[in-house]
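Let's take a walk through this complex together, with the model open beside you.

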Amino acid sequence: MVHIENLNFGYTGQEILSIPRIEIREGQHMMILGNSGSGKTTLLHILGGLLKPKEGKVTIDGIDLYKQSATARDKYRGRSIGLVFQKPHLISALTVQGNLLLAQYLSGMAQDKDRIRAVLSELDLVDKINARVKRLSQGEQQRVTIARALLNKPRVILADEPTASLDDDNSSRVINLLKGQAEKNGASLIIATHDQRVKKEFDLHLDLNES
Amino acid sequence: MTLFSLSWNYIKAKPLNTLLNVLLMSLGIAIILVLLIFSTQLDDKLSNNKKGIDLVVGAKGSPLQLILANVYHIDFPTGNIKLSEARTLTRNRLVKSAIPLALGDNYGGFRIVGTNHDYFNLYQGQIQEGELWQYNLEAVIGSNVAKRLSLKPGDEFFGAHGMSVADLEHDEAVYKVVGVLERGNTVLDNLILTNIESVWQVHEHADEHEQKVLGSAYETGFPEGDENSEITSLLIQYRSPMGAIQMPRMVNANTNMQAASPAFETARLFSLLGIGINMIRSFAYIIIVIAGLSIFISLFNALKDRKYDLAIMRSLGASKIKLFVHVILEGAIITSLGGILGFFFGHALIELLAKYYEKSEEVGITGFTFVTQEVWILLISLGVGILASLLPALNAYKTDISQVLAQE
């Protein structure tokens, strides 16, 4: 599913991180561990097609991400990669439904309100469908971003410390939710976290502190 | 969800800011439109009313006054000229036609003009009711006169001396309305037409004629009169362009009359008025520039907070071009709204002013008319929006998603 080869990338200046080879097969999930500043975010951005690496190859579903044109890569990301960030960043000018419609529109998918309703009900958010995102709690907002990441039935979900701003209880709930939803949608979850408690739930581990 | 509705949602999220920008824009557009419509209509009126008149000959005085009094009927006449001298002048081979006018009286503020049917034909007048005048003291009234004074064929009235309402009435001779003209948006709308002899008769305080006297030249040419008879002016049409070169000089040098060209005098008047109009117009353009600047500043400031939004949109699959268009659209929507609002403001304002000032209604100024240049004004407002959002849009285009997302 996700294939990384001879990846070399620099971040915060000159430091170089290299990953010779990682293979994530269909249905497998990976956890990226590392202290802050160890390059977790940079690696996720490379995997998400947001940042071109210095060297190396990232293949998702047989498609070499950085061989594509920038616009094609944007489109591919919109359709096949779901992203969840540290802070639940939503477009505050829009409602919950507006945010999800936007995700469908920008990725070039059909705007399907039934699909939106289905995903929201999976995440217990149906009653907030027409709410302004500013009115939601942090936890609810984070769940909306998860809904947004799942909406287009992506092949890969990349989550960058999605629980950083949540308390412990909510943290493990969100991670379990992400994993459960990924499995339901047949997607691979790649998550960067420092939460050791969920370590055993993941098949693959990448510890950036060691390399 | 479309790019348009996305931009629209951003606009809606800042209602006060949007209101300010839209109002600024609409104010500038409205002022420009008011000037445009007003000066176009005034220009139309002025040129409509001087059509077919190459030269006005009257008593010596200010040439502009001569034109204003005898062509547009808004100033006082310069004085009178001898009928015999006028008659001599028309024998010149350069004169194709000449229409005599005798002014001096009014009824209810509307001028009584002694003339012949040529004058009516000059403006392609149409009879709405009744018939044209033939006998002395028969009067044909313009549509505005009929409306304001509620006169209809068969009604009678006394003329008053002078050009304004409160003057002394001539209660010896009574005019009888025989016809009402259709509205033609010319000076005829505000005039009372009769024979020149009627005007003389009222002024000479002659013996009361009980019987009707047929005018001696009601259709064309000059009335008979005696050696003391006077008229106010002559409206002359040249036979050839040579007339324009020779006639004015000839009249001004060889007679004690004066000749003035309506084309020249109105151009002179407009160049004087033009300074004022240009100043107000520049002021309106300054307002539009400020509106553009204000939109630029608010977009530019908002963009700092929106960097993350834009990065998120990119991460959701939006191309750089899409974000560029998204920001441009936002500016363009605001200025277009301003343009459309200004369009309504401008027309409403003209109509309001026209209703408020009776004089402008008489001249025929209205807000329910459209000038082709208005399309340009609306295009300009769209252009201002695009221009104002160009730099912010370029910034949006260049957003480095990875960097913005990592900055948190």
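We'll start with confidence, then go through the domains, the chain interface, and a few local spots.

First, keep in mind that what you're looking at is a predicted model. The predictor gives the complex an ipTM of 0.90, alongside a pTM of 0.78. For chain B, the average pLDDT is 88, and 94% of the residues score at least 70.

Now look at how chain B is divided up. Its domain assignment gives domain 1, made of 3–46 + 274–407, and domain 2, covering 55–260. So that the picture is clear, note that domain 1 is written as two stretches of sequence because that is how the assignment, automatic or from a database, sets its bounds. The C-alpha centres of domain 1 and domain 2 of chain B sit 51 Å apart.What do these two domains share where they touch? Six residues of domain 1 of chain B are in contact with eight residues of domain 2 of chain B. Between them, the two domains of chain B bury about 650 Å², with 38% of that on carbon and sulfur atoms. There are zero salt bridges between domain 1 and domain 2 of chain B, and the count of residue pairs in polar contact, with both partners at pLDDT 80 or more, is one. On the domain 1 side, the elements that give two or more residues are α2 (15–49) and α11 (358–363) of chain B. The largest share of that side comes from α11(B), with three residues.

The area buried between chain B and chain A is about 2300 Å², and carbon and sulfur atoms give 63% of it.

Is α7(B) largely enclosed or largely open? Seven of its nine residues are buried, so helix α7(B) is largely enclosed by the rest of the structure. The buried ones are I196(B), E197(B), S198(B), V199(B), W200(B), Q201(B) and V202(B).

Finally, there are two backbone spots to check. Most residues other than glycine have a negative phi. H73(B), though not a glycine, has a positive phi of about 55 degrees. You'll find H73(B) in the loop between α3 (63–70) and β2 (81–82) of chain B. Is H73(B) buried or exposed? H73(B) counts as buried because its relative accessibility is 9%, and the cut-off for buried is under 20%.

The other spot is N185(B), where phi is near 55 degrees, again a positive value in a residue other than glycine. N185(B) belongs to the loop between β8 (169–181) and β9 (191–194) of chain B. With a relative accessible area of 33%, N185(B) is partly exposed.

Definitions and conventions:
Residues are numbered from 1 along each chain as its sequence is written. Chains are lettered from A and ligands numbered from 1 in the order in which they are written. This is a predicted model: local features need pLDDT of at least 70, side-chain atom pairs count only at pLDDT 80 or more; totals for chains, interfaces and linings use all residues. Side-chain values use heavy atoms; hydrogens and water are left out. Helices (H or I, at least four residues) and strands (E, at least two) are DSSP runs, numbered from the N terminus. Buried means under 20% relative accessible area, exposed over 50%, partly exposed in between (1.4 Å probe, protein chains only). pLDDT is the predictor's confidence in each residue, from 0 to 100. Contact means heavy atoms within 4.5 Å. Buried area is the accessible area (1.4 Å probe) that two parts lose on being put together, summed over both. A salt bridge is a side-chain nitrogen of Lys or Arg within 4 Å of a carboxyl oxygen of Asp or Glu. A polar contact is a pair of N or O atoms within 3.5 Å; within protein, one must be able to donate a hydrogen and the other to accept it, and residues adjacent in sequence count only if both atoms are side-chain atoms.
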